[in-house]
Amino acid sequence: MQIQQRLTDLTIPFIGILIFLAIWQVGAPKIVTSLGAVPGPVQVFEQFKGLISEHNEQRDKEVAFIERQEVRNAKKLEKDPNAKVRIRPYTGKATFFDQILTSIFTVMAGFIISAFIAIPVGIVAGLSQTVYNALNPLIQIFKPVSPLAWLPIVTMIVSAVYISDDPMFDKSFVTSAITVLLCCLWPTMINTAVGVANISKDLLNVSKILRLSWWTHVRKIVLPSAIPMIFTGLRLSLGIAWMVLIAAEMLAQNPGLGKFVWDEFQNGSSNSLGRIMVAVIVIGIIGFALDRGMLMLQKYVSWDKNAALR
Amino acid sequence: MTIEHLILSQVSMDFPTPDGPFRALDKVNLKIKKGEFVSIIGHSGCGKSTVLNIVAGLYPATEGGVILNNKEVNEPGPERAVVFQNHSLLPWLTSYENVELAVKRVFKGKKSKAEMKEWIEHNLQLVHMEHAMNKRPDELSGGMKQRVGIARALSMEPQVLLLDEPFGALDALTRAHLQDSVMEIQRDLGNTMIMITHDVDEAVLLSDRIVMMTNGPAATVGEIVDVNLPRPRNRVAMTETAEYIRCRKAVLSFLYERHGKKQLSDETDDPSLIEAENDVAQASAPADNLLTLKKSESAAA
């Protein structure tokens, strides 16, 4: 009985996906664009395989490029042991999979830094009505601003301030990460503040009677109570961050999946639509995986292992 | 001149409302001796819990004040531990850790780690919870949670233990067990205890004195009944003594004849308050509620 239930639970989503794919396959060829007919799932899968082989080709080229240099350097050293040798990094075109890694790294960097700012600020705002009142108008005004509106400002400020002869990160990375950070701050901050402000009065009384120090109060009472709300905020932030990052990459031509999509669009070959669709699906899957990852982290951190998390 | 242990002097309490201050308590005076068990009884909404919260230091009295061992109380502190009605254990900590939080705070620097561990275990043993030290509150029954709450309060070695309707949310059998435990603890430790209750039998069983409060607004101490029953008390044998019957009758007649609850609509205009009061009454004092009901029926007739 239980096995049957499990089976049904697994088959139904599968059937849903199959129906979707069927409609797509049948419907897509009927729309003809300037780049040819809209590709169906089969064609998109072909493009996906193409992207993999392209990636492998680039990797082989890179290995060969480094090897050639090594051979040349070895010869140089044979002639003159004091010769200066160096290996130039490979500067071939970033593949689809390189772009995926860039995007994930950028979104995580912006998101993690924003969490380190938003959670403490949210806790302080939740504990003190005064701080909350001071911050609230700012949060309310900045929250609805599309982070893309920040992008030009961030780009200008980063190029003005982030100057170094040997930069640790690319400027484009810093710009994208800061844009992500700006959009991640608000949901986490608000949810943390609300979670902290709504701690049960009884627990606050316990804390008062024990005369817990501020730090113990935050650690033992505030944080565990607010964990569910903090995670709600974090998950909202991460979801928005991923969407914003792709758009920012498209707009600013910063490396990442967004740039891949834009380049393909500009490229306008008969493969472009299929490749963009591969990107769209991958973006969706990564967004889903990021959310699941946060959920797993919440399960790990939360004291209430029985709470239904979805 | 004898030094009183705990004095409530002219304690009054106003709560701010949109229509100006609402006087909840008016000039409450009470003197409590060391080691005494005092119950405060009254209808719901009469400000019993407010009195307790003022003694605990959680509310500042608008007028008057509380003096414990010649020192005025103006903030909460572990020397006045509270057992809350709904246990108020931290749900993310085990029974042991809940008590530990209190012990670490109160005995830091005074007890070694081993002594603290022993003291935590000792307090959990006092309430017969040593078997569930490593369980979290959601794994415990209501009565067990309340036992841990009592252990936590006792572990602070309070001068006064304040019990805010501690057994109100428990079933009758569990309640009886916990009452026995409290009597046992009071016999062994001799703590001064103040308990808020709705339950006349509970008040007579546990108390040396029963303080009866008039109905709010501006509630105050109406009468005080001395319970001259020898300890240890047996809940069954006791019921047949003349003293028990006298005390019980005195409290009942105060609560239901002289200060019977009027119809709810007379008391307050705020319907949400009435609802809240009804909930409290239903949850914690079915007898209380029944009598109120009968009264309103007779009034309707």
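Biologist: How many bridges join strand β4 of chain B to β5(B)?
Modeller: In this predicted model, 2 bridges join β4(B) (residues 63–68) to β5(B), and the two strands run antiparallel. Strands here are DSSP runs of type E with at least two residues, helices are runs of H or I with at least four, and both are numbered from the N terminus. Two strands pair if DSSP finds at least two bridges between them.

Biologist: Which residue is the bridge partner of Ile67(B) in β5(B)?
Modeller: The partner is Glu72(B).

Biologist: What is the strand order of the open sheet of 4 strands in chain B?
Modeller: The order is β2-β1-β4-β5, with antiparallel pairing. β2 (20–32) and β5 (71–72) of chain B are the edge strands, each with a single partner, so one side of each lacks a neighbour in the sheet. α1(B) packs on this sheet and touches β1 (6–17), β2 and β4 of chain B; its direction makes about 70° with that of β2(B). Contact means that the C-beta atoms of two residues, placed from the backbone, lie within 7 Å. For such angles, axes are lines fitted to C-alpha atoms, for helices over the stretch in contact, and the angle between N-to-C directions runs from 0 to 180 degrees.

Biologist: How many residues of α1(B) are buried?
Modeller: 9 of its 9 residues are buried, among them Lys48(B), Asn53(B) and Ala56(B). A residue is buried if 20 or more other C-beta atoms lie within 10 Å of its own, exposed if 12 or fewer, and partly exposed in between, with C-beta atoms placed from the backbone. Just after the helix, Gly57(B) has a positive phi of about 90°.

Biologist: Now the other sheet. What is the order of its 6 strands?
Modeller: The open sheet runs β6-β7-β8-β3-β9-β10 in chain B, with mixed pairing. β6 and β10 (221–226) of chain B are at the edges with a single partner strand each, so one side of each has no neighbour in the sheet. The twist averages 20° from one strand to the next.

Biologist: In which sense do β7(B) and β8(B) pair?
Modeller: They are parallel, over 5 bridges, and Leu161(B) has Met193(B) as its bridge partner in β8(B). Helix α7 (residues 242–258) of chain B packs on the sheet, touching β3 (37–41), β9 (209–213) and β10 of chain B, and its direction makes about 170° with that of β10(B).

Biologist: Turning to the interface, how many residues of chain A are in contact with chain B?
Modeller: 13 residues of chain A are in contact with 15 residues of chain B. On the side of chain A that touches chain B, α7(A) gives the largest share, 7 residues. That side has 8 nonpolar, 1 polar and 4 charged residues. Ala, Val, Leu, Ile, Met, Phe, Trp, Tyr, Cys and Pro count as nonpolar, Asp, Glu, Lys and Arg as charged, and the others, Gly among them, as polar.

Biologist: Which residues of α7(A) are buried?
Modeller: They are Leu203(A), Val206(A), Ser207(A), Ile209(A) and Leu210(A). Down the helix axis they fall within an arc of 165°, so they line one face of α7(A); the arc is that of the directions from the axis to the C-beta atoms. They pack against α8 of chain A together with α1 (48–56), β6 and α2 (95–107) of chain B.

Biologist: Where is Arg211(A) placed?
Modeller: Arg211(A) is in the loop between α7 and α8 of chain A. Its phi is positive, about 50°, although it is not a glycine.

Biologist: Which peptide bond is cis?
Modeller: The bond from Arg231(B) to Pro232(B) is cis, with omega near -5°. Pro232(B) is in the loop between β10 and α7 of chain B.

Biologist: Finally, what is the average pLDDT of chain B?
Modeller: The average is 82, and 85% of the residues score at least 70; pLDDT is the predictor's confidence in each residue, from 0 to 100. Residues 263–301 of chain B stay under 50. The complex has an ipTM of 0.77 and a pTM of 0.79 from the predictor.

Biologist: What conventions apply?
Modeller: Residues are numbered from 1 along each chain as its sequence is written, while chains are lettered from A and ligands numbered from 1 in the order in which they are written. Local features need pLDDT of at least 70 and side-chain atom pairs count only at pLDDT 80 or more, whereas totals for chains, interfaces and linings use all residues.
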